[in-house]
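Hello,

Here is the structure I promised to pass on. Please open it first, then read my notes below.

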Amino acid sequence: MNVRAAAAKVIYQVVDQGQSLSAALPLAQQDIRERDHALLQEICYGVLRWLPRLESITQALMEKPLTGKQRVFHHLILVGLYQLGYMRIPAHAAVAETVDATKTLKKPQLRGLINAILRSYQRQKEALDEQAISHDAGKYGHPSWLLKLLKASYPDQYAAICEANNTKAPMWLRVNSHHHDRDTYRALLDAEGIATELHPQAADALRLISPCDVTKLPGFSDGWVSVQDAAAQLAVDYLTPQAGELILDCCAAPGGKTVHIMERVPSAQVVAIDCDENRLKRVYENLTRLNLTAQVLCADARYPEQWWHGEKFDRILLDAPCSATGVIRRHPDIKWLRRGEDIAALALLQAEIFDAMWLQLKPGGTLVYATCSITPQENCDQVKAFLARTADATLVDSDPASPGRQILPGEEAMDGFYYAVLTKAN
């Protein structure tokens, strides 16, 4: 399939049909040549990062919008505009390939329209680009509801957060300490000409200066190393698992934190639960590649009486379902799939799980509450409310007035994440 046609279909599936990019993109890649996979990803990610700007330009160049069965061609125009505005592809090639995609999409009669719009953009590019950033959504590349939330929560930092969200995420590795310490594995990478940087806190983390295919990483297939953002790796540093403990990874899929616990403490007894059976497949894949064993359950964390009849847990990692507003740079579709009203609904769900999991923690045990969100409602406000209603909970190494640690996107090159550590009275 023509790559631009594939990109238009993916963008249509995400923006108009509400599918996730992580579901739509891999399916589309099956229909194109392997050598074009990276190009398809770049186009799809780019269009979703800068959607308001591209929409503004499209509206300025069209008398009436394309609707109904022609809607995918609206997204084909966005694909063409992104190439002309943001990529190094020669303009003539970008236009020709985008116009040619009308044949793949079985509407060759629209060739003239697509060509005319893209040529008009080339002629008026400077003025159209200026107009596209004259409003906040276009300037920052974020929907209005999210911008409003960020401005209210981070009045001095919202612009930097938006900028970080619109950049390409770095590639972080997690070194399996069961095989090598971080410095030893870093030397193996150096020998392969793969340059890295250390993280000041995440003990197993290495950042690649230039991302590469995982097959080039020494020992990847043998479980020596995994790909995981440094912010996510901090979960185990905050959890501080100990030998022989019974540990629950709640809402565990795709399983990166599950296996990290076991890499750090091989003798721990780890139970991993998630309510999404499809996502649990990734947990099994991680366990298999790393040759590890955990008890994996498809279960709703709100109702532990339905799935757990064993001892209470020494430690619980509650990686709560959230808005994922901290990982937008990795998943730009989040900006267009989420709605403002989702935040309150998620906060209620988090509170239910929080309360249920606390009852499964041993006296003297530790619970780490975590999200990949940056909204206060899901994070510090959630923990404050929990502390107010839970007499036997104590916050660790944090100010109850501003509990936990909020990592913002781009901080120390990390994704946005939140952590709060609590202990249960004996």
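Domain 1 and domain 2 bury about 780 Å² between them, and carbon and sulfur atoms supply 65% of that. Buried area here is the accessible area (1.4 Å probe) that two parts lose on being put together, summed over both. On the domain 1 side, Tyr45, Leu48 and Arg49 lose the most area to domain 2. Together they make up 41% of what that side buries.

This is a predicted model: local features need pLDDT of at least 70, side-chain atom pairs count only at pLDDT 80 or more, and totals for chains, interfaces and linings use all residues. Residues are numbered from 1 along each chain as its sequence is written, and side-chain values use heavy atoms, with hydrogens and water left out.

Domain 1 covers 3-141 and domain 2 covers 231-424. These bounds come from an automatic or database domain assignment. The domain centres, taken over C-alpha atoms, are 37 Å apart.

Now the contacts (heavy atoms within 4.5 Å). In domain 1, 11 residues are in contact with seven residues of domain 2. Between the two domains there are zero salt bridges. A salt bridge would need a side-chain nitrogen of Lys or Arg within 4 Å of a carboxyl oxygen of Asp or Glu.

The domain 1 side that touches domain 2 divides into six nonpolar residues, four polar and one charged. Nonpolar means Ala, Val, Leu, Ile, Met, Phe, Trp, Tyr, Cys and Pro; charged means Asp, Glu, Lys and Arg; the others, Gly among them, are polar.

Best wishes
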